[in-house]
Amino acid sequence: MMDLVSALFSIFMFPGFLFLFICALAVHWVDRWVIARMQGRVGPPWFQPLADFIKLMAKEDVLPVGANERACALLPMVSLAAVLTAALYVPIGGHVATAFEGDLIVVLFLLSLPALAYFLAGWLSAS
């Protein structure tokens with residue numbers, strides 16, 4: 001239990017993650033507030049995005065009967081890994097971490113993997 005607490009503490013103390021988390025909640029609230037005002041409604045309270053996040057984290061995974069549990073858990077991870085790997089080819093400060101002659105083809109392949117992974121996850125869900 002202490003390992004989990006120390007891991008969560010180190011994640012939230014990482015300066016970039018907490019800043020991005022707070023900014024994402026704030027931008028999400030502003031977006032919902034502006035849309036509500038455009039529709040003539042009052043809009044959500046300021047803590048609504050945080051309440052939505054807590055509710056989302058408390059939800060349980062539901063798998064249909066006959067679904068392949070391992071594949072339904074692994075394929076979204078494959079999708080995220082492909083997108084994060086494709087992000088390695090984005091130039092930052094004029095320097096690309098991993099550049100070679102066929103990198104555009106590799107990036108296109110990596111960015112097509114999430115669509116295939118989600119298709120397979122839906123197919124294997126037996127739903």
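Mentor: A contact means heavy atoms within 4.5 Å. This is a predicted model, where local features need pLDDT of at least 70, side-chain atom pairs count only at pLDDT 80 or more, and totals for chains, interfaces and linings use all residues. Residues are numbered from 1 along each chain as its sequence is written, and side-chain values use heavy atoms, without hydrogens and water.

Trainee: What share of the contacts with a separation of 6 or more comes from residues 24 or more positions apart?

Mentor: In the protein chain, that share is 53%.

Trainee: How many helices and strands does the protein chain have?

Mentor: Both are DSSP runs, numbered from the N terminus: helices are H or I with at least four residues, strands are E with at least two. Here there are 5 helices and 0 strands. The order from the N terminus is α-α-α-α-α.

Trainee: What radius of gyration does the chain have?

Mentor: The value is taken over C-alpha atoms, and the globule rule is 2.2 Å times the number of residues to the power 0.38. A compact globule of 127 residues would be near 14 Å; the protein chain has 20 Å. Its C-alpha trace spans about 50 × 50 × 45 Å along the principal axes.

Trainee: Is Ser 79 buried or exposed?

Mentor: Buried means under 20% relative accessible area, exposed over 50%, partly exposed in between (1.4 Å probe, protein chains only). Ser 79 counts as buried because its relative accessibility is 3%. Of the 127 residues in the chain, 14% count as buried.

Trainee: Where does Ser 79 lie, and which residues does Ser 79 touch?

Mentor: Ser 79 is in helix H4, residues 69–86. Leaving out residues up to four places away in sequence, Ser 79 touches Pro 114, Ala 117 and Tyr 118.
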